[in-house]
Structures are given as structure tokens and as C-alpha cells.
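The entries are kept in the order in which I worked.

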Amino acid sequence: MASPSFDTLSKKIETRTARAGVIGLGYVGLPLAIAVARSGFAVTGFDIDPGKMVALDGRRSYIDAVSDEALSAEIDAGRFEATTDFAGLADCDVIIICVPTPLTKHRDPDLSFVEATSRSIAAHLRPGQLVVLESTTYPGTTDDVVKVILEGTGLRSGSDFFVGFSPEREDPGNQHYHTATIPKVVAGDGAAALALMKAFYGAAVSTVVPVSSNATAEAVKLTENIFRSVNIALVNELKTVYAAMGIDVWEVIDAAKTKPFGYMPFYPGPGLGGHCIPIDPFYLTWKSREYELPTRFIELAGEINSAMPRYVVGKLAEALDIRAGKALSRSRVLVLGLAYKKNVADIRESPSLRLIEIIEERGGRADYHDPFVAEIPPTREYQALRGRKSVALTPDAIAGYDAVLVATDHDSVDYAALAKSAALIVDTRNVFNRLGLSAGHVIKA
């Protein structure tokens, strides 16, 4: 285990004199950078987006999990700075990669961000550095992609520099857990790398969970998200079956969850959103082809969840026909909630975007209201929706729509007032029943 590089870096981590570099200052990177800074390390954040630099220089956080006050405190203490100049990586002792890992149109892994970032690190790599991947990916990425690119410099992992993987675990909007209190799974390429991973993350978070290899840690993250994807798909399928039988799936779930063992409640919705659950399972299905092994269960769950927006629009069209005697193609619809989950501004992979697209494909007109998203930003999949603005949720505005489609149940919405003004409501979140506002013009979907 011992080598001059290991001994030097280990001492720096122990004495908090190591400088950490966090690449990618988004939903994962910025909270992590602040958590590491709070633990006493100097942190440099790197990002290619100059707009983020303007915000950070102005001490304005664009991530809900990091307040302006928390950001300012670390800047004032001299523990956090941000830059677009990747030459500063040479000064960092620990480098953490928090960049996107999306899918291609064919649902294959897109590692272009990870690869480009690894090459940027390689250009400034020196002995005595620990390089960590946190981006979600298939088992083998850290060792077969990141490590290989870095070793292309002639330096060797395990003796000159060290490589590890620690899956991010962020839950936007969760008020009970934050980066420093969520147990952190860590792994490394060899015993020395694992020892450094345990020491570094152990200084910044409350609980560290070491596992035997980087591939195992990568599999941990996939397993967590596949678990949610499969169970959400199950209740989404049960929703469609029970609806045909005249049974309320939410009532079924509420009763089932009273069982104190052997059951965990999951809830249906209009589709999956966020940066993990709609994407991560397909990283494993792609990798499994290398071993000629099918992943039918996982792929079926993905198909069911992906079909939910079209199912919901079908229920909307049916409700408009039966309740209002009007075709969807001649209707104006207000989609309530653009974010993928309540009480956040995160629209990544949000099913609301797909709902709007399907409604308009069928000839309807769709607007949206979201108290957290004033305007639709550029997205990879929905460029045609860019720039649309949230409409005001006034009684007159609501009355001007043929139906309101509740896609995200933000707590700040006045649902009682909405129920009074709307001609027809299609509720995908059971929020009206949950608040005791059930009515004849509120339809569950």
C-alpha cells in the first residue's frame, strides 16, 4: 500500500491540507463541493458553463440544496472558488467527476462527458492525486474508461495516482437528508485507493460504506435506481388494471401499506422523471448484452413507465369527451407542474414535457403553470418547447381552460381554489383526494 504518492496524499487528507476539485457544478457537484468545503478542505469547482460562474461569483446559488448563505459562508472562509479554467486541476489533490451520463436516442450509454473530463484531467495529472468518478454509469466504467485514459499519460494507478468510485445520492427537495448525512458508498482501484477514499469521504460525510471494487460500487447505484424503477412500473401497471375494474389504486396502496412487514409503498404517476431512474437502468441493460444475458424485467419496467404519459393523455381525452363533450384536438389544457417532482425546480426527464408534446401532437393546446419554473429552458429532447412561460394560476385564467392536468403536486398550489375554478381536473397524483377535495369533475389518471 505504501508509496511516496500515497503517503503524501494520505497526510494531506488527514490534515485537511488537500485541495479538492469538483468537476460539474450541477445538482450533484455543487452540494458536494460545499459539503467538502464545510469539512475543512479548500475546494475549487470547475464547470464549462460561464453562466454558473456569474451566479457563483455573485454568491447566488442555482441549486435548492445549497442556500445563498451557505455558498457565501464558504467563499468568505476562503474554502470555495469556481472557475472555467481546467488548468487549476494541477493544483488539486482530490479530483471528483460529477458530469452528466445521459443516454443516446437508442438508449445506449453516452459517456462523452466522462471521457472528455477524463482527458482534461489527464492533461494536468501528476503523482499524488486521487481521481473519483461519481457520475452514474455501468459497472466497469471507472476502471475501463477513466483509469485507462489517465494511465495513457504513463503514470500508473495505485502507485503514482489513485482512482475510485463513489455513487452520488442526491434527492432534490428532500428536507430530511443532505449530502453530508447520506451514507456514502466508496470503492477504489486497490487497497491504497480504497484507504484514501475512506479517509477523504469520511472527513466530509457522516457515514462511509466501503465495498470491494469500483464495479461493485457502480452496481450499487444501478441497483438502487432499478429497484425504484421496477416498483414504480408495477404500481403504474396495477393502476391501469385496477382502473379497468373500477378500483382506486391509491386506496389499495394506502390500505396495503398498513402491513408492518413485507410491503413498501410506491405510487403511480404520469411517468418517470429526474436524472437517475428513467436513465440508469438502461446502463445495465446495455452492459448485460456483453455477457449475452437478457434483462427482460428491467426493460419491461422501462417500457411501462415510458408509456405512462400516453396513457394519461388518453384518460384526459376520454374525460374531455365524456364530461365536456369536446375533443382533445379542440381543447385548451393547463398542465399543472413542469418539474419531475414536487417542490423543486428540476425538470430533467420530466414527464410533463412529454405530456405537453403528446397533447399538441393530438391537436390540443397545452400551457403550463409551475411556481418553481418560470420558463422552459433549453432541453435535449424538447427544443420546440423552449422559452414557454408559466401562466398565472388565477381564477379567470383557470376558467379559460377546458381541463387542468395535474402532473406535479407542488405544495404551494391552492388546490381548493383550483377545484372551484376548473371545469375539469385530471389528477395523476391523487392530490385532491389526499386533501379531501374529491369532486365529480376531478378524475384520477
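The entries below concern charged side-chain pairs.

Entry 1. I note that the model is predicted.

Entry 2. I looked up E318 and found a salt bridge with K315, with the closest N and O atoms 3.9 Å apart. This pair meets the criterion because the cut-off lies at 4 Å. E318 and K315 both belong to helix α11 (residues 296-324), where a spacing of 3 residues separates them by about one helical turn. I recorded E318 as partly exposed, at 43% relative accessibility.

Entry 3. I turned next to E360, whose side chain meets that of R388 in a salt bridge at 2.8 Å, N to O. E360 is in helix α12 (residues 351-361), while R388 is in the loop between β10 (365-369) and α13 (395-399), so the pair ties together parts that lie 28 residues apart in sequence. I found E360 partly exposed at 25% relative accessibility; R388 is also partly exposed, with 21%.

Entry 4. I then examined K389, which forms a salt bridge with E375 at 3.4 Å, N to O. Both K389 and E375 lie in the loop between β10 and α13, 14 residues apart. I recorded K389 as exposed, with a relative accessibility of 53%. This follows because exposed means over 50%. E375, at 39%, is partly exposed.

Entry 5. Lastly, I traced salt bridges that share partners and found one network made of R332, E360, R365, D367 and R388.

Definitions and conventions:
Residues are numbered from 1 along each chain as its sequence is written. This is a predicted model: local features need pLDDT of at least 70, side-chain atom pairs count only at pLDDT 80 or more; totals for chains, interfaces and linings use all residues. Side-chain values use heavy atoms; hydrogens and water are left out. Helices (H or I, at least four residues) and strands (E, at least two) are DSSP runs, numbered from the N terminus. Buried means under 20% relative accessible area, exposed over 50%, partly exposed in between (1.4 Å probe, protein chains only).
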